[in-house]
Amino acid sequence: MSAQAQIILIAAGCAGAVGAMGIAAAWLLRRASLRLSFQVASAIAVLAVVAGTLGTANAMFISQHDLRVVGMVCVVAGLVAFGFCWLLGRQVETSSLALRRAARSLGQEETGFCEPAGPMAAELAALSEELAATARKLQDSRERERRAERSRRQLVAWVSHDLRTPLAGLRAMAEALEDGIASDAGRYHKQIRAEVIRLSAMVEDLFELSRIESGTLNLSPDQLEARDLVSDAVASMEPLARARGVRLTGEAGSALLIQADARELSRALANLVTNAIRHTPEDGRVQVTATAEAGGVLIAVADGCGGIPDADLASVFDLTWRGTRARTPAADGGAGLGLAIVRGIVEAHRGRVSVVNAGEGCRFEVRLPAVAPRGGGGSGDGDGRRTRPAGLLIPGL
Amino acid sequence: MSARVLVVDDDLTIAEVVGDYLRDAGLETRHAADGRSALSLAEEWPPDLVVLDLMLPGIDGLEVCKRLRAAHERQRPLPVIMLTALGEEADRVLGLETGADDYVTKPFSPRELALRVQAVLRRAAVAAETAAAPPEPFRAGRFEVDVAARRIRRDDRELVLTVREFDLLAFFLSHPGRAFTRPELLELVWGWSFGDLSTVTVCVRRIREKVEDTPTAPVHLQTVWGVGYRWETDPR
């Protein structure tokens, strides 16, 4: 056996023994701190070198002096390695402590998320990044929830105010009638009836809204022509427009087919037209149009309300948005939830509703996906109560 | 003899007010507070019309309606006006299974209810006469109408129509050239003095698909802009 092979064998034997100890130590230390693990790792590395060197030197009968020199070099190298590992371990420990603090702060409302400061290893930095992203998501969803809660509370406050106002009047009038001190009993009777009608409309609005919000609005879609919907809306709103001195006109192209629940969509359109008539001054004009546009049908209601402030445009369809005169609901109106109901119904039809300022007022736009015409002469299926498969929707048309 | 109206409602205030209005209109009325007593009262005092609350203690309104009808069938159909609370499915009330003739949603106007009761009674009388002597078959342009056989042919081909589609088409064919509003059609064809107007819109659209060469450009069943619908038998 050559001397070289002997050296390799001896060194491998000595270092291997230390390595085996290292494996045992690693197993024992699998739950220990990272810092201790680092130190043991450096000790094992240095010991393996020292053991290999000393073993080989002994076998080769090197002079005592040389052996001492080798030993000293090994000790110094070992100390440096040990020190370096200690430092590294400390760094990792500090980073991990910072991460732990950050994780603990995640979801705490008072302090918010404390992002760990200072540089850290790539893997730990990635983990910290993930934590920060989660914290942001949590914060956003909390904010959304808070907003929803705030608007719900505001809605309840407004609705109870709006319900209490007519109730107070009703009670006063009823008592006056009962005690026989009403100077004009006939007028009181009429007013009581009007107040009850108003209360009923408010309750109906709330009921519709709760159906929309809870997702229990069952649509019975049917193929309809936008032209008929617009014509019908104009026909039924004409008396209100005339009473208010508003000119109501409509215009629509033919063959604009949509897939919609006739009752719900008519209600949405009626809400928009009523809203437009109410906010248009006398001698003003409200125009309802239906036109084709890429991928669907656009139904627009333009009024003469004088425009909505730009800052308010985005929140017009929110539950709690109310126009200038909204604190006292109109005598013929519901709970002032009309536009929120419109949005709910349109979105349930996979449509979109928006508003822009245009001309002398604003223009509410409802966009609905178009459908392909059905072949003529097919057999009907009752009175429109059954739901057709949504597969008839061809948005790309 | 004045007509008899049975009012079934567990709310005594409502029953009392409705009863007063109906008596004022010259009708005889009796009151039952629940389904069971309504059924037994109807047996000893057969009514000409029933005003029935949908939400009743014990047997609910729909079931009472079914049983009343079944017991009454031997003579002639018994008209029923249903009182419903907000949110109860009006469709179900007016559906074929019970077939109420009209419905009103609570809170309602008792004055209006009394008018409806009279309207339904009048319609029932007319229907009884029509059943005795059905109208003769007639021809209108490309269409042939036989109301007694409930058959409409276009160019000698029979159309496949639902009950309501038949009623509406037959009505239009016998009233050509006149514009009708949706409330009018609902009243004259459906016999509802109040209801979902979009039912008419949907039915018109369906009929167009069956009678028009191009349903999206109708020549017979036309939209009268901002008013309603009109039938043209011989469009130019």
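How many bridges pair S6(B) with strand S7 (residues 143-146) of chain B, and is the sense parallel or antiparallel?

What we have here is a predicted model, where local features need pLDDT of at least 70, side-chain atom pairs count only at pLDDT 80 or more, and totals for chains, interfaces and linings use all residues. Residues are numbered from 1 along each chain as its sequence is written, and chains are lettered from A and ligands numbered from 1 in the order in which they are written.

Chain B has eight helices and twelve strands; these are DSSP runs numbered from the N terminus, H or I of at least four residues for helices, E of at least two for strands.

Back to my question: S6(B) and S7(B) are antiparallel, with three bridges. Strands count as paired if DSSP finds at least two bridges between them. One such bridge joins Phe138(B) to Val145(B) in S7(B). Both strands belong to an open, antiparallel sheet of four, ordered S6-S7-S8-S9. S6 (138-140) and S9 (157-158) of chain B sit at the edges with a single partner strand each, so one side of each has no neighbour in the sheet.

Now the helices. H1 (residues 12-24) and H5 (residues 110-132) of chain B have axes that come within 9 Å and cross at roughly 50 degrees. Axes here are lines fitted to C-alpha atoms over the stretch in contact, with angles from 0 to 180 degrees between N-to-C directions.

Last one: of chain B's 236 residues, 38% are buried, meaning 20 or more other C-beta atoms, placed from the backbone, lie within 10 Å of the residue's own.

Methods. A residue is buried if 20 or more other C-beta atoms lie within 10 Å of its own, exposed if 12 or fewer, and partly exposed in between; C-beta atoms are placed from the backbone.
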